[in-house]
Amino acid sequence: MKRPAAMHEVPLKVPHTDPGASQQLASRLLLHLLHVPADRRIAVVCIGTDRSTGDALGPIIGSRLDKLRGSRFELYGTLDEPVHAMNLESTLQDIHRADAKPFIIGIDACLGQLSSVGSIQLGAGPVRPGAGVNKELPPVGDIHMTGIVNVGGFMEYFVLQNTRLNLVMRMAELMADTLALAIRDCRPYPMHAATQE
């Protein structure tokens, strides 16, 4: 079954406070994941650093996912072992060395318009880490999920460092739980492994 072209063109954007946010995001994720062959490894790459509140969204998501993942997907980027500008390229090389054609989900924080702060975006194609702070970094992902943590356009580094931790934590919880749920529904444990959870 072919995915509708519109799914490639218009990313889903939903406020994290929307009561249906988790369901909308999980449904869209499943549309992407159901087309990934079972023998193709899923790698979730959570980009960011814990040295900046806004940019910590990715590693916080990674740390929460680390408790939920089991063997359903590979995870890169946690608070203990972040994936950031200094090691992003080598991390991507490691991922491709381990598997010739992984399906990569790129996760990152981003800046946007005031009206979009607190929204989560999900779409086809890669996330472009560092774009909000004018850094040239390799694109990441077959699909991407980003959280708009603050307003862009002026003093981006300062804005990221002065983002409310409460907002980042609430968005991270929703994003991590949604990812884990969608991947679980797409790739359930085999029966013999169910007792190991």
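Okay, Met155: it is partly exposed, at 45% relative accessible area (buried is under 20%, exposed over 50%, partly exposed in between, with a 1.4 Å probe and protein chains only). Met155 sits in the loop between β6 (143-151) and α5 (156-161); helices (H or I, at least four residues) and strands (E, at least two) are DSSP runs, numbered from the N terminus.

Quick caveat: this is a predicted model, so local features need pLDDT of at least 70 and side-chain atom pairs count only at pLDDT 80 or more, while totals for chains, interfaces and linings use all residues. Residues are numbered from 1 along each chain as its sequence is written, and side-chain values use heavy atoms, leaving out hydrogens and water.

Now, the inside. The largest nonpolar core has 41 residues, and Val44, Leu57, Ile61, Leu65, Ile105, Ile107 and Met145 have the most contacts within it. By core I mean buried Ala, Val, Leu, Ile, Met, Phe, Trp, Tyr and Cys residues joined through side-chain atoms within 4.5 Å. Helix α6 (residues 165-186) gives this core its largest share, twelve residues. There's also a second, separate core of eleven residues, including Ala43, Val45, Tyr76 and Val140.

Take Ile61: skipping neighbours within four places in sequence, Ile61 is in contact with Cys46, Ile107, Ala172, Met175, Ala176 and Leu179, contact being heavy atoms within 4.5 Å.

Zooming out, the protein chain has six helices and six strands, running α-β-α-β-α-β-α-β-β-β-α-α from the N terminus. And of its 197 residues, 49% count as buried. For contacts with a separation of 6 or more, 72% come from residues 24 or more positions apart.
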